[in-house]
Amino acid sequence: MSRRRWQRTDGLQQRTLGQECVVFHPGAGTTHLLTPAAAALMDGLAEGVAMDEAALARHLGLSEEDGEAELRRWLSSLQSADLIQERP
Amino acid sequence: MRIADLGQTRLQCSLAGRGLYLRTGPFTSRIQSPIASVARSIESLYRDFEVADSQGFYDFHCELRAPRSHRRFYRPQVLFLSDRRSVFKPLAYHQAYPMLEWGLNWCIANQVPHRLVLHAAALERDGKALILPAPPGSGKSTLCAALAHHGWRLLTDESVLVDLATSEVSGPARPVSLKNDSIRVIRDACPSAVLSTPIADTLKGAVAHMRPPTDAVRRGHETARPGWIVFPRYQPGAPTRLKPRTAGSGFMQLIANAFNYAALGARGFHSAGRLVEQSACFDFSYSRLDEAIEQFDRLADGR
Amino acid sequence: MDADTALHLALARPESMAERSAAEWAPLLAAARESALLGTLWHLADDAGLAEDLPEPVASHLWGAALIAEHRSQALVWELHRLAEGLLSRMSPGVALKGAAYLAAGLPNARGRLANDIDLLFPRSEVERAEKLLFFEGWSGTHHNVYDQRYYREWMHELPPLVHQHRGTTLDLHHNILPETFRGHPDPARLRQQSQALPEPFRFRVLCPAHLVLHAIVHLFSETEWDRGLRDLYDIHVLLDHFGARDGDAFWEHFVAEAEALNIAWMAERALWTANRLLLTEIPPEPVKRLARARAGIALRGLGRWSFVHGLHTRAGSITPRRDAVARGMLFLRGHWLKMPAGLLARHLFHKAFLAEKPETATAQPQPDQHG
């Protein structure tokens with residue numbers, strides 16, 4: 001698994017609604033409904049702290065081999081919504 | 001003082017002069033119009049509403065009059081002006097009163113920055129609000145008018161006001177707009193309802209307005225706690241069906257029906273969030289009004 | 001007191017808001033709403049310690065508007081960061097203008113101000129490169145017909161506006177602060193040379209204080225539409241007040257010198273007079289004296305001043321609507337006359353009147369049943 005590091009966008013507003021989670025991005029003015037998996041991923045990312053993909057996979061209980069593609073998919077959809085950013 | 005106490009002559013004088021200061025829920029509207037049909041409709045449909053001090057504050061300034069053009073002599077039209085600016089395309093003169101209602105809705109949607117404003121109907125029972133957000137054509141107003149005569153207190157049929165801090169729900173309790181077939185449906189289902197004479201050929205077909213029940217008007221200042229958010233859909237022949245919806249998708253659907261959610265930013269988000277957290281969300285499809293009323297009775301009683 | 005006068009006074013002397021009766025407040029709010037100044041009034045009342053004493057519904061309208069402005073500002077700042085971190089970082093930093101500049105520089109008129117677009121200034125030779133880079137980040141043009149493209153690219157000081165395809169934000173790329181064809185053409189290199197870096201983390205620059213005010217002046221006093229004019233005049237008022245208090249004579253000295261160097265002393269003269277007349281802006285005698293040379297002849301002076309005062313009235317709050325309409329008509333013609341030489345102007349107005357497709361937005365009004 002790659003060592004790419006990810007960080008949650010600053011200033012996001014988040015609310016848990018039952019099993020789901022909604023996030024508001026004050027800069028972009030967008031609102032997103034997150035699936036439980038994406039919500040769990042966001043929960044793993046504290047503000048101001050970058051995490052690498054291996055650590056995120058562990059947080060989500062994904063296995064090294066099978067989990068990679070799934071994790072990538074979630075990360076890419078969160079990234080395109082500006083909810084997370086890649087950090088060098 | 002209420003509209004009924006004002007009397008026809010004084011009502012017409014204030015409308016044609018400095019304006020009628022009409023109190024609807026939390027708002028005061030200053031309405032000016034020399035048009036007789038506007039005065040007649042206000043006299044009948046707003047009978048129980050309070051008249052505010054004409055030396056006092058008003059939230060919205062509305063004017064209905066003919067455009068100042070030669071056209072007024074051969075095909076008269078009417079304009080709606082808010083703060084002295086025309087905000088809609090003109091309509092045929094006989095549609096002046098429905099235009100006032102649409103204009104007042106426009107004012108709430110565009111000039112209320114301190115509350116989250118939802119495009120929805122709302123009613124109250126035992127202190128709890130039932131919110132019915134829906135696009136036109138979904139049978140929202142029909143349902144709202146029927147429930148308002150069957151044990152629910154009318155809050156609004158068009159613009160729900162949500163407090164930004166507490167998410168308490170209120171509405172202006174103004175007349176309910178009914179279209180085409182729903183005019184007959186409500187006449188049949190609610191014999192005590194007072195409806196205006198339908199106006200044909202508007203952009204929506206025939207339109208009539210229902211006078212809000214007296215109790216709803218008198219209690220117009222009372223807010224309600226969040227209770228239920230139900231997305232109604234009228235489908236000819238469909239069975240009555242109330243189906244739970246997840247809070248997350250209810251939230252997304254609710255904000256899609258808000259007028260000023262985007263403008264309010266994080267405050268709007270949290271206000272809508274609190275509202276959804278404290279409410280139960282459902283989808284509701286129906287074709288029979290009597291069954292729908294029973295269904296909402298059961299919902300209120302927790303059955 | 002009529003609503004326009006009450007609004008001018010509220011902006012000039014916020015403590016005057018304490019004297020407004022409920023009956024005076026309603027049209028005052030309408031006038032402020034029309035001028036996009038509701039949020040500004042909230043902050044002025046709050047600073048004057050009046051927020052608690054305002055009638056409840058008045059406070060609600062003002063507070064709500066300030067809230068909306070705050071959210072809009074937050075979004076605009078975020079957009080600026082996005083732009084700076086993106087492909088524009090390959091170019092030398094652009095200069096943020098107007099609302100974006102006031103916000104980024106933390107100027108006092110930014111609070112409560114409803115910022116709309118982002119305006120950035122680049123050298124003429126680089127502005128189209130910026131446009132191309134931005135295309136890859138989702139910004140695309142709005143004016144597609146050949147005439148509009150030519151109108152902007154040959155004669156204007158900015159490119160056709162860009163709109164972000166997801167967020168709907170509007171971005172204007174400028175290479176000058178006045179059209180190429182404007183009478184008395186300022187040298188944009190002068191603006192860029194004296195521009196100042198913004199504090200971290202902003203990568204953009206802002207105009208120096210004198211240019212910042214002069215740009216606000218140019219923006220209003222070259223306009224054809226004076227609809228939101230009072231907001232622009234308030235910007236001028238606050239900026240003069242702020243820099244005058246901070247830098248004293250040095251600011252005024254530089255302000256007059258730059259107005260002359262940029263060939264816009266005549267606009268500055270009219271702006272100082274109008275700001276002082278309507279918003280009681282305090283202007284030291286020296287700049288007034290030096291700019292007097294740029295005054296119009298006695299006959300035109302009176303007419304010009306009359307049209308500025310009436311053009312700045314609101315529709316909601318004015319007690320002289322007919323005169324205001326005449327003034328708006330005069331300002332419209334004046335704006336076009338200044339913008340283009342006569343031949344080009346005739347061609348442009350002819351095109352707009354007879355050949356252009358009528359726009360769907362801007363003047364178009366909704367059908368009322370969307371609210372029923």
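Modeller: Helices here are DSSP runs of at least four residues, strands are runs of at least two, and both are numbered from the N terminus. Keep in mind that this is a predicted model.

Biologist: Good. How many helices and strands in chain B?

Modeller: Chain B has eleven helices and 18 strands.

Biologist: What share of chain B is buried?

Modeller: Buried residues are 53% of the 303 in chain B.

Biologist: And what about contacts in chain B between residues 24 or more positions apart?

Modeller: They account for 72% of the chain B contacts with a separation of 6 or more.

Biologist: Let's zoom in. Where is Gly227(B)?

Modeller: Gly227(B) lies in strand 16 of chain B, residues 225-234.

Biologist: Buried or exposed, this Gly227(B)?

Modeller: Buried. Gly227(B) has 22 other C-beta atoms within 10 Å, and a residue counts as buried at 20 or more.

Biologist: What is Gly227(B) in contact with, leaving aside neighbours within four places in sequence?

Modeller: Lys128(B), Ala129(B), Leu130(B) and Ser279(B).

Biologist: New topic. How do helix 2 and helix 3 of chain B pack?

Modeller: Helix 2 (residues 8-16) and helix 3 (residues 36-45) of chain B pack at an angle of about 125°, with their axes 10 Å apart. That makes helix 2 of chain B oblique to helix 3 of chain B.

Biologist: Left-handed or right-handed crossing, helix 2 of chain B past helix 3?

Modeller: Right-handed.

Biologist: Which residues of the two chain B helices make the contact?

Modeller: Helix 2 of chain B brings Gln8(B), Leu11(B), Gln12(B) and Leu15(B). Helix 3 of chain B brings Val38(B), Ala39(B), Ile42(B) and Glu43(B). By class, this contact of helix 2 with helix 3 in chain B has five nonpolar, two polar and one charged residues.

Biologist: On to the partners. How many residues of chain B are in contact with chain C?

Modeller: On the chain B side, 32 residues, in contact with 28 residues of chain C. Strand 6 (85-86), helix 4 (96-111) and helix 9 (261-264) of chain B each supply at least two residues of the side that touches chain C.

Biologist: Which one gives the most to that side of chain B?

Modeller: Helix 4 of chain B, with eight residues. The side of chain B that touches chain C divides into 14 nonpolar, ten polar and eight charged residues.

Biologist: How many helices and strands does chain C have?

Modeller: Chain C comes to 16 helices and seven strands. Its radius of gyration is 21 Å, close to the 21 Å from the globule rule for 372 residues, so chain C is as compact as a globular protein of that length. The C-alpha trace of chain C spans about 55 × 50 × 50 Å along its principal axes.

Biologist: What share of chain C is buried?

Modeller: Of its 372 residues, 44% count as buried.

Biologist: Last one. How many residues of chain C are in contact with chain A?

Modeller: Five residues of chain C, in contact with four of chain A. The chain C side has two nonpolar, one polar and two charged residues.

Terms used. Residues numbered from 1 in each chain as written. Chains lettered and ligands numbered in written order. Predicted model: local features only at pLDDT ≥ 70, side-chain atom pairs only at ≥ 80, totals over all residues. Contact = placed C-beta atoms within 7 Å. Nonpolar A, V, L, I, M, F, W, Y, C, P; charged D, E, K, R; others polar. Rg over C-alpha atoms; globule rule 2.2 N^0.38 Å. Buried ≥ 20, exposed ≤ 12 C-beta atoms within 10 Å, placed from the backbone. Axes fitted to C-alpha atoms, helices over the stretch in contact; angles between N-to-C directions. Parallel < 35°, antiparallel > 145°, perpendicular 65-115°, else oblique. Left-handed = near helix turned anticlockwise from the far one by under 90°.
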